[in-house]
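Here's a quick briefing to read alongside the model. It starts with the ligand site and then moves on to the sheets.

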Amino acid sequence: MIHRLQRIVQEVNRALDTDSALDLITESLTRDLNADACTIFLAKENDPGVLVLKACSGLNPDIIGKVERRLGQGLIGTIAARAEAMNLIDAPRHKDFLLVPNSREDDFPVFLGVPIIAHRDVLGVIAVQRDQEAFNEDEEAFLTTLAAQLATSIERAESEGRFRAGAVTHVVRGVPGAPGMAIGEALVLNRGVNLESVPNKKTKDIDGEVKTFSDAVRKVRDELYEQAEKMRAALPEEEAALFVAYAQMLSGGSLIEDTEKRIREGNWAPSSWRDTVEAHAHVFEQMEDSYLAERANDIRDLGLRVLRKLMLEQSPYLDFPQQTILVGDEVTATDLADVPPDCLAGIVSTHGSSSSHVAILAHALGIPAVMGVPNLPVKQLDGVKLVVDGYNGSAFINPDKAVLKEYGRYLEEEAAIEQDLLNLKNVPAVTTDNHQIRLLVNTGLMSDYTPSLRSGAEGVGLYRTEIPFQVRDRFPSEEEQFQIYRNVLETFKGMPVVLRTLDVGGDKPLNYFPIREANPFLGWRGIRITLDHPEIFVTQVHAMIRANVGINNLEILLPMISARAELDDSLFLINRVRAEIEEETGEKIWLPKIGAMIEVPSAVYQIDDICEMVDFVSIGTNDLTQYLLAVDRNNENVADLFSSLHPAVLKAMRQIVEGARETDTPVSVCGELAGDPLGVMALLGMGIDTLSMSVGSLLRAKKVILSFSQSELADLFAQALEMPDAFMIRELYASRLDERGLGGFIRAGK
Ligand code: PEP
Ligand code: MG
């Protein structure tokens, strides 16, 4: 059964459009379930309360598009309304049965229907029918499993189809990644090269494109002949011959001719090749003979080889739109670096959430980002106009005049707000009842330094040292690290600079230090890696302490502390490095202040022990929220559950503040919550007075601080703790922010 399921799901995912995908499903199900008929109803886009027949097999095809059922109407409407399967031996006798006239439906009284549900929305219903013999439990389970597996593909195909049909202002929704808005042009990334993710693009340089294609084909063919030669020594002749067979497929014939034809129709080489490969593979897949059906995989394998070569030959990023919106299934931190900073206007990604590192980076760069858009029609978007709303997590594809006008106005209003905020640069961050708050920046990028100083930052509260590690293809040497740290310490001379030791693992991989784990966030991360590799830790600390000589503003922060032993070991190594440098230089070297990140629940419960060992603690609300709520910070499927304003997270933070108070240990917050205007209100209310955030959030946070008294926020915090969930707490703070006329900080428009 699993093979049948896999085959159908794969075929549907490869189908070129929604109609062919739905036809494939109805045909396969009629065959695999030994049914006489199969129908698929899908909810209407503009009226989800009505389902319309989109595909059928075994019934009169003239009824497609003509039969509609409201929720609760007929068997189909009842299945959709109750989101529950129905298995009937005699459907016409059921009280909800409603005959579809001229369909031949009454010939097949045995009925099984299941809802298609994605992200809690009922997208439609799949039903199979036959003339006798009830559908058994296995068949019901099969159909239910298939509907669940196909739901996201159908959702996405629908979205692509609607978009292709030329609908103006197609709205897609995800989660807010980084605040702000942008109007720009989509640039689809070609990173993780695979056939499915090749975007459609038009070309004017037909001859150039044909040449690129021929060159790529020739190179792959030559490589295959070479491989065949090498393999002859190691493999039986029959196996080695496979490479020759592959090479021959690239020596002319329909694969090449069909692709060239598609290019001559104005398509760029990669999508022309993709469509040719898919069409050929599909022909093989339809063959009854299992050996021949398997050849479809060979064609795809060959397709991928040529595609990889093609993508290397192409340099699609030469002309960046003035306002580039990066679009992709997976936009990564290094993708951002590919776009010239003055062109990068926004990000829209199928995967990820607000605390994914790419979203944090976007925030640091002041770029709006929408993450976790499940039905993003990525392939269709290259070159298309987009409006990105990073406040509510939505994007408008092909926006019409009204949307453009509205967002044009919002952008003007936002520019006015930003202009006003510039006046606050030199104003101290003090509440109306005179509580002074220290505002620091989170960074790791040199490009942040000048804006940070311009915004009046009082230092660096979190320097993510992993960023310089991530953009290299090997560990940076001690001297390279020394230069980087010296630069930031000097730039912020006279102000504290908190350098965090290497925090890789989880979702922050190093290409040159691969870690393969089933649960990376519960695995080898942060301090766990560097203590297991003291040579990395010691080199880094050595560079930090040397860089601090004569400047003396360094503080060192240790990430992912989950046990006292990790602190003991880290402190031992740091002390050893200090002694070594003293010996090397013959000078007295002061130990910098050492802090621990509190971002793992065990550290919350050991806060008093930890505070006895360090000079300060810094709360990492991103990981603390992830670990307390058991919600992967990167997973768009649970992004709605990720909220640092959840009462459990607020209570944990209060416990940290109270625990640290006993030893007078300073507490700061450096997770994303510290830069969220509502977060600022909550954190001040619980008595925190040092916040470290992306530079783009700093002046807004200051404005919030200037608008409230600490005592008002303390009262509000007490109320928040009484509330049952994050949604209500957010509303509580948002309405108070609105009352002060600052609603424009958390949404588009004033
Ligand atoms: C955090 O977890 O809140 C934090 C600041 O660290 P990072 O986001 O780099 O994991
Ligand atoms: Mg963290």
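H21 gives the shell around ligand 1 its largest share, three residues. Keep in mind that this is a predicted model: local features need pLDDT of at least 70, side-chain atom pairs count only at pLDDT 80 or more, and totals for chains, interfaces and linings use all residues. Residues are numbered from 1 along each chain as its sequence is written, chains are lettered from A and ligands numbered from 1 in the order in which they are written, and side-chain values use heavy atoms, with hydrogens and water left out.

**Around ligand 1**

- The shell holds 17 residues, and the closest are Arg 464, Arg 500, Gly 620, Asn 622 and Arg 633; a residue is near a molecule if one of its heavy atoms lies within 4 Å of it.
- At least two shell residues each come from H11, strand S16 (460-464) and helix H21 (621-629). Helices (H or I, at least four residues) and strands (E, at least two) are DSSP runs, numbered from the N terminus.
- By class, the shell has eight charged, five polar and four nonpolar residues. Here Asp, Glu, Lys and Arg are charged, while Ala, Val, Leu, Ile, Met, Phe, Trp, Tyr, Cys and Pro are nonpolar, and the others, Gly among them, are polar.

**Distances to its oxygen atoms**

- A backbone N or O atom of Asn 622 is 2.8 Å from an oxygen atom of ligand 1.
- From the side chain of Arg 633, an N or O atom lies 2.9 Å from an oxygen atom of the ligand.
- For Lys 508, the side-chain N or O atom is 3.1 Å from an oxygen atom of ligand 1.
- The protein covers 100% of the 290 Å² of accessible area that ligand 1 has on its own (Shrake-Rupley method, 1.4 Å probe).

**The eight-stranded sheet**

- This open sheet has mixed pairing and runs in the order S7-S14-S13-S9-S10-S11-S12-S8; two strands pair if DSSP finds at least two bridges between them.
- Its edge strands are S7 (170-173) and S8 (175-178), each pairing on one side only.
- On average, neighbouring strands are turned by 30 degrees against each other, direction ignored.
- H11 (residues 357-365) packs on the sheet, touching S8, S11 (344-349) and S12 (369-371), and its direction makes about 55 degrees with that of S8. Contact means heavy atoms within 4.5 Å, and axes are lines fitted to C-alpha atoms, for helices over the stretch in contact, with angles from 0 to 180 degrees between N-to-C directions.
- S13 (385-389) and S14 (394-397) pair in the antiparallel sense over four bridges, and Val 387 has Phe 396 in S14 as its bridge partner.

**The six-stranded sheet**

- Here the pairing is antiparallel, and the open sheet has the order S3-S2-S1-S6-S5-S4.
- S3 (68-70) and S4 (86-88) are the edge strands.
- S5 (110-118) and S6 (121-130) pair over nine bridges.

Key. Polar contact = N/O pair within 3.5 Å; in protein donor to acceptor, adjacent residues only side chain to side chain.
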